[in-house]
Amino acid sequence: MARPNIRFFSAGSGTSGQGVSLRRVLDVSLGLAASLALGCLILITCVDVVGRYIFDRPLSGAFELTEMILAALVFLALPLTTERREHIEVDILGALLPARTNRWLVAFAGLFSAALLATLAWRLGAHALGAAQDGAVTNALSIPYAPFGFLASFSCLVSAVIALLRGVVPPDHCDGKEP
């Protein structure tokens, strides 16, 4: 039996089961933002390469822009990867253990991951707050660091909530990935 589809609200009254799923919300919001970030990376790289090798005029600050957008891309994709269970997993004993034990291990892994991600969100948020108070910016383009730190913190917090839900309500069958 597949895991329950988490829904935020019901579109109608009663128990019709209609609503907006977590996966749909993440795909529309963070998926779109990650796609835009990837498109910006492609555009910056193309403009820089063409400017550098054809016109002998590289894009000023391309390296900084690439660094910042790549960091944003990684953290935008983190909750998507967590919700889809697409993180790298090493499953050595899973095939040897009974389903009930696997279910407990999946629950423990979800709760442990949630704790780690929540701690990371807290520390990234504290670091971003410090960067905002100090006015920390990049060298060449003076891009503030704080918004990227807050994005990383928020992303880790969303991923922690997803991992917590997976720990509290693990999938019914734990011998493979659920659909």
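Predicted model: local features only at pLDDT ≥ 70, side-chain atom pairs only at ≥ 80, totals over all residues.
Trainee: Which residue does arginine 52 form a salt bridge with?

Mentor: The general idea comes first: side chains of opposite charge can pair when their charged atoms come close. Here the partner of arginine 52 is aspartate 48, and their closest N and O atoms are 3.2 Å apart. Both residues belong to helix 1, 4 residues apart, which is about one turn of the helix. Aspartate 48 is buried, because its relative accessible area is 12% and the cut-off for buried is under 20%.

Trainee: How many salt bridges does a search of the whole structure find?

Mentor: The search finds 2. Aspartate 27 and arginine 84 also meet through their side chains, at 2.4 Å from N to O. That pair links distant parts of the chain, 57 residues apart: aspartate 27 sits in helix 1, and arginine 84 in the loop between helix 2 and helix 3. Aspartate 27 counts as partly exposed at 28% relative accessibility, and arginine 84 is partly exposed too, at 33%.

Trainee: OK, on to the inside. Which residues of the largest nonpolar core touch the most other members?

Mentor: As background, in soluble globular proteins, nonpolar side chains tend to be buried together. In this model the largest such core has 14 residues, and those touching the most other members are Leu26, Leu30, Ala37, Ile69, Leu73, Leu76 and Ile162. At least two residues each come from helix 1 (22-53), helix 2 (62-83) and helix 4 (146-168). Helix 1 gives the largest share, 7 residues. There is also a second, separate core of 7 residues, with Leu78, Ala114, Ala121 and Cys156 among them.

Trainee: What is isoleucine 162 in contact with, leaving aside its neighbours within four places in sequence?

Mentor: For isoleucine 162, those contacts are Leu22, Leu26, Pro79, Thr82 and Glu83.

Trainee: How about rings: which residues form an aromatic pair?

Mentor: A pair of aromatic rings is described by the distance of the centres and the angle of the planes. The count here is 1 aromatic pair. Phenylalanine 108 and phenylalanine 112 are stacked, with 5.9 Å from centre to centre and 20° between the planes. The two lie in helix 3 (residues 99-134), 4 residues apart, or about one turn of the helix. Phenylalanine 108 is exposed, at 56% relative accessible area, while phenylalanine 112 is partly exposed, at 46%.

Trainee: And what lies over the face of tryptophan 122?

Mentor: That would be arginine 123, at 5.0 Å from the ring centre.

Trainee: Last topic, confidence. Where is it lowest and where is it highest?

Mentor: Confidence is lowest in strand 1 (residues 7-10), with a mean of 40, and highest in helix 4, at 95. Across residues 1-16 the pLDDT is below 50, and the model gives this stretch 32 contacts beyond near neighbours in sequence. Residues 175-179 also stay under 50, with 11 contacts beyond four places in sequence.

Definitions and conventions
Residues numbered from 1 in each chain as written. Heavy atoms only, no water. Core = buried A, V, L, I, M, F, W, Y, C linked by side-chain atoms within 4.5 Å. Buried < 20%, exposed > 50% of the residue type's maximum accessible area, 1.4 Å probe, protein only. Contact = heavy atoms within 4.5 Å. Phe/Tyr/Trp six-rings, centres within 6.5 Å; stacked < 30°, edge-to-face > 60°. Lys NZ or Arg CZ within 6 Å of the ring centre and 35° of its normal. Salt bridge = Lys/Arg side-chain N within 4 Å of Asp/Glu carboxyl O. pLDDT = per-residue confidence, 0-100.
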